[in-house]
Amino acid sequence: MVIASAAVKLRVRSLSRRYEGVTALDDVTLTIPEGRTALLGPNGAGKSTLLKCVLGLVRPSSGEIEVLGIDPRRDPLGVRARIGYMPEDDAHLPDLTAVELCAYGAELAGLPPNEAIDRAHAALFYVGIDDKRYMPVQGYSTGLRQRTKLAAAIVHDPELLFLDEPTNGLDPASREEMLSLIADLRDRRGCSVVLSTHLLADVERVCDHVVVLNAGKVVADAPLAEVLGVGDGRYLVRVKPVAERFAGFERALHDRGCSSTPSPDARGEWIIRPPTVDDPTPIWEAALQADVQVRHLALRKASLDEAFLRLLA
Amino acid sequence: MATPTTKPAASPVGVVHSLAYSRYAGPRRSPNFTPLVIARYALMAQLRQRGVKVALLLGVLLMAIFAAGMGFKWALPTLASGAMFGGAQSNPAQLAAIVREGEADVLSMTLRTQFLPTFLLVLWCGAGAISADLMAGAFQFHFSRPVSPGRYLAGRMLSASGWSLALSFGTLLVFALERLAFQSTPLGAARAFGLGAVVVFLELSSLSAVALGVSSLTRRKGLSQAMFAAIVFAGWVLFRSLGALLRTPWVKTLDLVSCVDAMVSQFNGDSPLHGARAAIPALAWLVWTAGSLGLAAWRLSRAEVNRG
């Protein structure tokens, strides 16, 4: 897929990072466009190492990185001033309140003190922390800590935001709010988001681009629709539920080399794999032969879980 | 026509989409301010710790006691000589010696007055600083922002010594003003203050550097504080004993505290070290300070921004 240069937020070419005896990243090439991108992969896939390289904290063994048009190896501080990072683990300073923590983060990013305190309040209000913002962060619940981390990550108005497992430990309502905030950050604030997570439902909910890493290699780098759309060649077929014709339909399908699985509730839904992936003609022919009325026929889209497992396999 | 109401609009259900959070297009300051920002927030947080408050109160109390004592000591010869009342000034050489001794007192007594509060403050604020940051995940907080390890270390140095610096300079200022009130000329008092400032800088920089150095070795705050205390006190005992055993005065100046004390003696002109050995205290200070800072910088250069 070709993405216009101006819309690219992160570009990685042939990136490798080797530790002693371990290759964490192996010739990784990927492009992260504007919008909301998911960084998926099992444990040890290289997601954290990739983030470290992007933040300029780990020097790659080879390859090139370009974040917002800047090489983090040459100007790591310049890159970090324009990006936000919400780590998975706790990241607060002892004895500071949420307001002070956010203002501190803003000042470290170069904002003047008065602006920093104003934006700290605005960011905390945005993530839904009200009067508790004046309490020390170490006394917060998991949900409040996650929100505080998000506020601290966005307080300096980053152009690109890296979120590491942002919904970890949240109850369903808080999780929904967090996902809404992530969606809003892109839609209304113009901040592109890279979401590193294991929760595929979160990805389906908010992301429009997916990068899948496995054993240090990129196994997918495509829009979410494309990843989901490329199923396993099976079609979802819905026919008029006339049960006495189903046996003949099944026989006609098998005669044409199709494998089929009828829906167990006999509502007339079938999952059919024709002998040629892109050609549903045998299905039409079987339906004509068995005098079955086809009401719906479309390539069956895999769930992200299925797509993820297929990509890893 | 709609009637205006004072009742605020109902908050949106679910996510709070605040209009206050918007894009920022204002000025940004140079990263050179970063150490000051780190120090300011750290000093603010330190004031919330009971140990720091107690150490500060102790420092103020000791300052008052020693200021009164030194004032009494310095006032006596002045009163005895009658200089204060325009009386006898028959022995200028004796008076000059008293003035020199008094100005030498400023350097040594500033360190002695504030040694315990300084040690406690550096122990609380410096020896656990990097360990606490490691434990709380503050490395990720700092190093995912435009903060270099060097600036972080500079900020932590300032925050480790900030309150001690305030106490020591307060004490120094009181002593210098007392000198001015009793015997010294303005120039003499200013000289004593200037040398005192150098001595305070030497003591606090070496103590803070060692505190940060040991703090960078472990994520256990208590352990790093214990290591710091051991270096200060066990080092003092060790080198004192060695010096006495070997009958070599310069060995006694090798520990963290004594090297600065030896430099104070040199400033006051009563050091037993002469020739090439006169450089030993300064070298010892340099090794403690630069070595510890180098250790901390090396550890920080290996800091990781995220775990997992």
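Predicted model: local features only at pLDDT ≥ 70, side-chain atom pairs only at ≥ 80, totals over all residues.
## Basis of the model

Local features need pLDDT of at least 70 and side-chain atom pairs count only at pLDDT 80 or more, whereas totals for chains, interfaces and linings use all residues. Residues are numbered from 1 along each chain as its sequence is written, chains are lettered from A in the order in which they are written, and side-chain values use heavy atoms, with hydrogens and water left out.

## Interface of chains A and B

Chain A contributes 55 residues and chain B 43 residues to the contact (heavy atoms within 4.5 Å). The two chains bury about 4,600 Å² between them, 55% of it on carbon and sulfur atoms; buried area is the accessible area (1.4 Å probe) lost by two parts on being put together, summed over both. Of the area that chain A buries against chain B, Tyr104(A), Leu108(A) and Arg189(A) supply 14%, more than any other three residues.

Four salt bridges are found across the interface (a side-chain nitrogen of Lys or Arg within 4 Å of a carboxyl oxygen of Asp or Glu). Glu107(A) forms a salt bridge with Arg40(B), with the closest N and O atoms 2.4 Å apart. Helices 1 to 6 of chain A each supply at least two residues of the side that touches chain B; helices are DSSP runs of H or I, at least four residues, numbered from the N terminus.

## Helix 3 of chain A

Eleven of the eleven residues of helix 3 of chain A are buried, so this helix is largely enclosed by the rest of the structure (buried means under 20% relative accessible area, 1.4 Å probe, protein chains only). Among them are Tyr104(A), Glu107(A) and Leu108(A). The buried residues pack against helix 4 and helix 5 of chain A, together with helix 1 (34-46) and helix 5 of chain B. Gly110(A), with a positive phi near 105°, follows the helix.

Helix 1 of chain B is mostly covered, with ten of its 13 residues buried, including Val37(B), Ile38(B) and Tyr41(B). From first to last C-alpha, helix 1 of chain B reaches 18 Å, close to the 18 Å expected (1.5 Å times one less than the number of residues).

Technical notes
Buried < 20%, exposed > 50% of the residue type's maximum accessible area, 1.4 Å probe, protein only.
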